Amino acid sequence: MKTPRFLLPAATAGILALTLSACGGGGGGTTGGGGSDADANLDGRGPITYVQGKDNSNVVRPLIDKWNAAHPNEKVTFKEQTDQADQQHDDLVQHFQAKQSDYDVVDVDVVWTAEFAAKGWLQPLKDKMAIDTSAMLKPTVDSATYKGTLYAAPQTSDGGILYYRKDLVPTPPKTWDEMMSMCSIAKQNNIGCYAGQFSKYEGLTVNASEAINSAGGSVLDKDGKPSVNTAEAKAGLGNLAKAYADGNIPKEAITYKEEDSRQAFQSGKLLFLRNWPYAFNLITTEGSSAVKDKTGLAALPGKSGPGASSLGGHNLATSVYSKNKATALDFMKFMTSAETEKFYATQGSLAPVLGSLYEDQELVAKLPYLPVLKTSIENAVPRPVTPFYPAVTKAIQDNAYSAIKGEKTVDAALSDMQNAIQSAGAGS
Amino acid sequence: MATELGPTPVKSPASGAAPVHHAPKGVGEDNRIASQGRWASWLLAPTIVALGIVIVYPIISAIVMSFQKDAGLDPATGLFTAGGSAGIQNYVNWLAQQCSAPAGGTVACPPGTLGGQFWSATATTFFFTIVTVTLETVLGFWMAVIMARTFRGRSLVRAAVLVPWAIPTAVTAKLWFFIFAFEGIANKLFNTTILWTGSEWPAKWAVIIADVWKTTPFMALLILAGLQMIPAEVYEAAKVDGASAWQRFRLITLPLVKPALMVAILFRTLDALRMFDLPYILTGGANNTTTLSILVINQIRQGFNSAAALSTITFIIIFLVAFIFVRFLGANVVEQSGATGKGKK
């Protein structure tokens with residue numbers, strides 16, 4: 001007798017829950033295309049929201065204030081995410097998946113661009129929404145292009161550069177072999193020769209791709225198919241494995257992330273270091289630095305000339321669900337203008353994507369690494385542009401890590417890498 | 001509390017009053033109970049709705065998702081398309097470590113895929129669980145016995161012991177990350193050059209050491225609570241009878257503290273099976289320190305539906321372990337309080 005009465009409220013609860021789940025629209029179904037969303041609201045103007053990770057050096061707010069003063073009817077609200085890249089990514093995914101129109105312009109890491117584009121979440125920047133990319137460095141534009149269509153406006157860039165001890169090495173090496181031949185100098189001085197970031201994380205993907213690309217290979221071919229089972233890729237990854245086995249890359253480098261490697265170089269324990277430009281300021285000004293006046297900068301060494309750096313940086317994109325795309329486009333243009341880029345460089349030390357700014361005397365005086373960085377970015381290859389980036393980067397990390405440590409031969413590692421990337425793309 | 005309203009009045013007339021008087025009285029009583037019961041269930045409804053939304057709905061939704069295929073790429077447009085129904089394929093793929101093949105069908109997952117790590121992650125998870133829980137139980141017991149004694153500064157020791165437990169795990173992990181760095185304190189202190197996070201066994205021990213450091217206080221406090229339930233007279237009586245310290249520990253302390261100890265071990269085991277943040281931050285899952293939870297989180301970024309299947313598998317594994325504990329090892333988490341309550345009445 002008691003059970004049915006008890007069931008009534010329970011049933012109410014159940015019905016409520018079902019209604020809710022219907023509103024949720026089913027968790028997993030990602031429908032591609034977005035064709036209709038991409039055609040809607042192209043002329044919409046009005047207030048928009050700009051979404052970006054934590055604004056550590058306070059560059060975004062002054063810019064938005066400036067924009068808002070000039071556009072009182074199309075004000076931009078700044079939504080600041082955390083400073084963790086993974087969390088930023090997941091936050092964007094949640095909002096896009098729910099087709100919410102509250103994120104208009106979003107700041108995407110170069111490696112997420114293809115994934116978001118393939119999900120149909122980013123407004124293609126063509127026809128009415130086109131932006132002019134002719135003045136931008138080509139690799140940065142490539143990083144925002146998926147299947148021949150531009151989906152994002154390159155905003156800031158980043159490339160690897162070679163830090164070297166100019167007190168020990170008079171002229172920096174141009175090629176990898178040249179650099180390895182200089183390792184005897186390191187031995188004489190009882191320090192390590194070369195290090196990058198070889199811990200098993202995103203940094204290893206960057207370093208391994210650089211090694212492969214610099215030797216003339218590639219991770220993915222033009223059609224997005226894996227292409228690491230080649231003689232060039234073997235030579236590239238082989239360079240790292242051999243240097244690690246020889247001791248030219250010190251044993252502890254297998255635990256290095258950016259900061260560990262910078263500290264090793266800064267305390268005078270390394271002859272050569274591959275790192276991002278951010279390290280320059282710290283190495284040359286920090287009180288604890290033992291190599292303040294002994295640090296030189298050069299492009300990464302390659303096979304016969306400058307090596308192919310991996311690209312970092314961020315792109316700006318408009319959500320297909322935005323209601324005010326005309327305003328969003330204007331705001332993207334404003335945020336990638338020469339003036340804004342310069343402000344980003346001086347205020348936040350973020351490298352511009354416009355080639356001309358690298359020759360700007362005022363900027364070079366403030367950021368002396370710019371000329372070297374320009375060479376680096378001009379020769380850069382974006383990290384694999386693929387919607388399956390998380391799986392591809394895992395395939396690279398796991399296998400490159402085993403190869404460098406000598407747990408697997410380079411040949412076996414690359415053939416496993418090839419298969420793992422292939423299976424990543426086959427998931428359907 | 002509200003649930004007790006129903007059954008208790010039913011019992012009291014049955015046990016108290018004579019059966020003859022019971023029948024006529026029972027009719028009115030039944031109505032009253034019935035209306036009370038209805039009233040109670042309406043009062044409970046908001047809670048049930050809330051539980052339904054935050055617990056039942058997500059679980060069912062996850063299970064439904066786990067039978068869907070992950071979105072695949074349409075080669076012509078380069079856009080993702082919904083995967084459709086997968087049947088039990090997601091589960092089969094994990095358990096048999098099969099990955100999709102480019103030509104269709106499945107192949108054994110090559111190294112460098114998440115799918116190829118299921119069994120090694122399961123083994124790692126159980127290895128961590130067994131080793132850390134064993135160490136924590138032994139150390140925790142020892143600490144609890146010390147804290148149970150009366151001595152000057154006891155409250156200070158109790159507070160100090162709690163410090164590692166009070167620090168958020170992510171912070172703990174980062175602390176130990178710096179300690180175990182190549183140029184870190186661990187190597188400086190022992191004058192070694194171990195690559196703590198760079199090879200398999202040092203990495204595993206680094207995780208174990210950090211976890212034991214962090215969660216032994218939890219163990220110690222739960223056991224301490226159990227120790228304080230044991231009346232001092234029992235020990236006095238044993239002493240009078242001439243029992244040695246070891247006999248008192250084995251025949252009095254251990255059996256009497258067992259309920260609390262089993263609950264503590266159960267909690268820690270379930271916690272350890274879910275271990276995520278410590279290895280994720282300390283080693284990034286490298287060198288065979290990837291636990292099941294790390295695998296789930298990594299898979300979420302590669303495909304929700306497959307991740308839903310994996311988390312369902314993880315849930316079942318943990319549930320089975322909990323079941324074994326409660327059923328066979330006598331960890332009475334649910335019944336114990338009710339039983340003792342009744343006993344006191």
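Biologist: Is Ser349(A) buried, partly exposed or exposed?
Modeller: In this predicted model, Ser349(A) has 17 other C-beta atoms within 10 Å. A buried residue would need 20 or more, and an exposed one 12 or fewer. Ser349(A) therefore counts as partly exposed.

Biologist: Where does Ser349(A) lie, and what is its phi near?
Modeller: Ser349(A) belongs to the loop between α14 (338-348) and β12 of chain A. Most residues other than glycine have a negative phi. Ser349(A) is not a glycine, yet its phi is positive, with a value near 55°.

Biologist: Asn190(A) also has a positive phi; is this residue buried or exposed?
Modeller: Asn190(A) sits in the loop between α8 (183-188) and β8 (192-195) of chain A, and its phi is near 60°. Around Asn190(A) there are 7 other C-beta atoms within 10 Å. A count of 12 or fewer defines the exposed class, so Asn190(A) is exposed.

Biologist: Which strands of chain A stand at the edges of the open sheet of 6 strands?
Modeller: The order of the sheet is β2-β1-β3-β11-β6-β12 in chain A, and the pairing is mixed. An edge strand has a single partner, so one of its sides is left without a neighbour in the sheet. In chain A this applies to β2 (76-80) and β12 (351-352).

Biologist: At about what angle to β2(A) does helix α3 of chain A run?
Modeller: Helix α3 of chain A comprises residues 60-70 and lies across both β1 and β2 of chain A. Its angle to β2(A) is about 165°.

Biologist: Which residues have the most contacts inside the largest nonpolar core?
Modeller: That core has 161 residues. Leu237(A), for example, touches Ala208(A), Ala211(A), Ile212(A), Ala400(A), Ala403(A), Val410(A), Ala413(A) and Leu414(A), leaving aside residues up to four places away in sequence. Apart from this core lies another of 15 residues, including Trp94(B) and Phe118(B). Within the largest core, the residues with the most contacts are Leu237(A) and Ile223(B).

Biologist: How far from Ile63(B) is Ala308(B) in space, C-alpha to C-alpha?
Modeller: Ile63(B) is part of helix α3 (residues 19-66) of chain B, and with 14 C-beta neighbours inside 10 Å it counts as partly exposed. In sequence, Ile63(B) and Ala308(B) are 245 residues apart. In space, their C-alpha separation is 6.7 Å.

Biologist: How is α5(B) oriented towards α9(B)?
Modeller: The axes of α5 (residues 118-148) and α9 (residues 200-229) of chain B come within 6 Å and cross at roughly 45°. That angle makes the relation of α5(B) to α9(B) oblique. The crossing is right-handed. The orientation asked for is thus oblique.

Biologist: What is the orientation of α13(B) to α14(B)?
Modeller: Helices α13 (residues 292-300) and α14 (residues 304-328) of chain B have axes that come within 8 Å and cross at roughly 165°. Residues of α13(B), among them Leu295(B) and Val296(B), meet residues of α14(B) including Ala307(B) and Leu310(B). The crossing is left-handed. Angles over 145 degrees count as roughly antiparallel, so α13(B) is to α14(B) roughly antiparallel.

Methods. Residues numbered from 1 in each chain as written. Chains lettered and ligands numbered in written order. Predicted model: local features only at pLDDT ≥ 70, side-chain atom pairs only at ≥ 80, totals over all residues. Pairing = 2+ DSSP bridges. Helix = DSSP H or I, 4+ residues; strand = E, 2+ residues; numbered from the N terminus. Contact = placed C-beta atoms within 7 Å. Axes fitted to C-alpha atoms, helices over the stretch in contact; angles between N-to-C directions. Core = buried A, V, L, I, M, F, W, Y, C linked by C-beta atoms within 7 Å. Parallel < 35°, antiparallel > 145°, perpendicular 65-115°, else oblique. Left-handed = near helix turned anticlockwise from the far one by under 90°.
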